[in-house]
Amino acid sequence: MTGEAAVDPPAPRPRRLTVLPLIALIFYDVSGGPFGIEDSVRAGGGALLPILGFLILPVLWSLPEALVTAELASAFPTNAGYVAWVSAAFGPAAAFLVGFSKWASGTLDNALYPVLFLDYLRSGGGVALPPAVRSLAVLALTAALTYLNYRGLHIVGLSALALTAFSLSPFLALTVLAAPQIRPSRWLAIDARAVDLRGYFNSMFWNLNFWDKASTLAGEVEEPRKTFPKAVFGAVGLVVGAYLIPLLAGTGALPSETAAEWTDGFFSEVGQRIGGPWLRVWIQAAAAMSNMGLFEAEMSSDSFQLLGMAEMGMIPAIFARRSRYGTPTFSILCSATGVVILSFMSFQEIIEFLNFLYGLGMLAVFAAFVKLRVKNPDLTRPYRIPVGTAGAAVMCAPPVVLITTVMCLASARTVLINAVVIVAGVALYYVVERAKRHAWAEFLAPVPPAESSHGPATAPDAADVEDVRAGLLADETEDEQGSKVE
């Protein structure tokens, strides 16, 4: 699967992810705790809209995305993740664009976390750093977290487990202390004049998306066809609880008139007012550490996605090279470089840009899910959502409506910048294809078409799906002979 170039002897197989570390990584891909949901109270004009949002939108948005991820990740247990799904449904050109747009949105998202880490430490009474020193601190923090990612996905998974426990621990104390002060009538508060729909939907969408990101780690999971669905559903419950319980405690214990104060980082102030300085510091420390977990999970997903695309022959083979720890060295460096370049942007700019870009990719993922149900209903799906093709289409309708709503509320600047990104993706696709034809770089060769487990792949559509699976699942029978090892 490696063309003409010689392949180095394979390194020892890295340890695989099991259910609990994978739940923690999915939790950090999507959430990381209630940090960042505060702005939904301000933008919603009170507690009612965010509470309704975190009750309803997980059913309309998160659950369909999680179900699609569980079904297709079990059918395609490969690091290419959603790129493989779109390739099977619509071909390599569409898959490349989806991979590029989702990698770009993930890198944008990751650019937030080193900056937010320093912001939370400063809010805890630390010294405000001069701009030049702050930039160096962001660079150093990015380098340190990137090195941890390089050292192995199993280490990242165990770190995510520990960070999950620490990040959520102060909110258990907050909930217990807030309980005697809660007035349920405060949960119904809403000031229609203060509602900011663009800010509200962007906040809700950002806090509930990225469920499919973990699919790019499927090739690193122990028994992915069994483990992945369990981990996805476990993470859904963890994410919803981590949002709703602190939100109910905070908005129920504080007067409704404080809604305008609920901006990013306000949970530390909630801790101050309910528990005192010790709880404030605890929440700030948890928030800072949560940003580390968010960075590690996002970096893992983005870098292993590039590895998966390289194994499909979509990008140069250098991105499939693994370190002695089993991690994709050049893919990690590429993602880290993007994070450093984009870290100068503001928080709100990044959220709106990445929401739009991520939404475009998710429209393609939902379309691929439905098309694969239609074009190859007999494709082996170890986990299958218990609905027919029509039910699958209906299930995808609410998240598509939500994505469309968020995109329609975007500013003209956001639309323009995302259009530039898409044009750049199209241009890059043709550059890569030209590089293949002229041998400007080494690419992994495609695997010859294989016989389907359902019989010979004679129909063109069935052959498309089975050819993709033959290449992507080859490591299960050939012990990962397709990956180059550093």
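How many aromatic pairs does the count come to? The count comes to 18 aromatic pairs. The model is predicted.

**Tyr150 and Tyr325**
- The ring centres of Tyr150 and Tyr325 are 5.4 Å apart and the planes stand at 80 degrees, so this pair is edge-to-face.
- Tyr150 belongs to helix H7 (residues 131–150), while Tyr325 sits in the loop between helix H12 (277–311) and helix H13 (329–342), so the pair ties together parts 175 residues apart in sequence.
- Tyr150 has 19% relative accessibility and counts as buried, because buried means under 20%.
- Tyr325 has a relative accessible area of 22% and is partly exposed.

**Phe171 and Phe267**
- The rings of Phe171 and Phe267 have planes at 85 degrees and centres 5.4 Å apart, so this pair is also edge-to-face.
- Phe171 in helix H8 and Phe267 in helix H11 (residues 266–274) are 96 residues apart, and their pair links distant parts of the chain.
- Phe171 is buried at 3% relative accessible area, and Phe267 is buried at 1%.
- One aromatic cluster is formed by Phe35, Phe171, Trp262, Phe266 and Phe267.

**Helices H1 and H8**
- Helix H1 (residues 19–30) packs against helix H8 (residues 153–178) at an angle of about 65 degrees, with the axes 8 Å apart.
- H1 and H8 are therefore roughly perpendicular to each other, and their crossing is left-handed.
- Residues making the contact include Leu20, Pro21 and Phe27 of H1 and Val156, Leu161 and Ser167 of H8.
- The contact residues divide into 13 nonpolar, three polar and no charged.

Terms used
Residues numbered from 1 in each chain as written. Predicted model: local features only at pLDDT ≥ 70, side-chain atom pairs only at ≥ 80, totals over all residues. Heavy atoms only, no water. Axes fitted to C-alpha atoms, helices over the stretch in contact; angles between N-to-C directions. Helix = DSSP H or I, 4+ residues; strand = E, 2+ residues; numbered from the N terminus. Parallel < 35°, antiparallel > 145°, perpendicular 65-115°, else oblique. Left-handed = near helix turned anticlockwise from the far one by under 90°. Contact = heavy atoms within 4.5 Å. Nonpolar A, V, L, I, M, F, W, Y, C, P; charged D, E, K, R; others polar. Phe/Tyr/Trp six-rings, centres within 6.5 Å; stacked < 30°, edge-to-face > 60°. Buried < 20%, exposed > 50% of the residue type's maximum accessible area, 1.4 Å probe, protein only.
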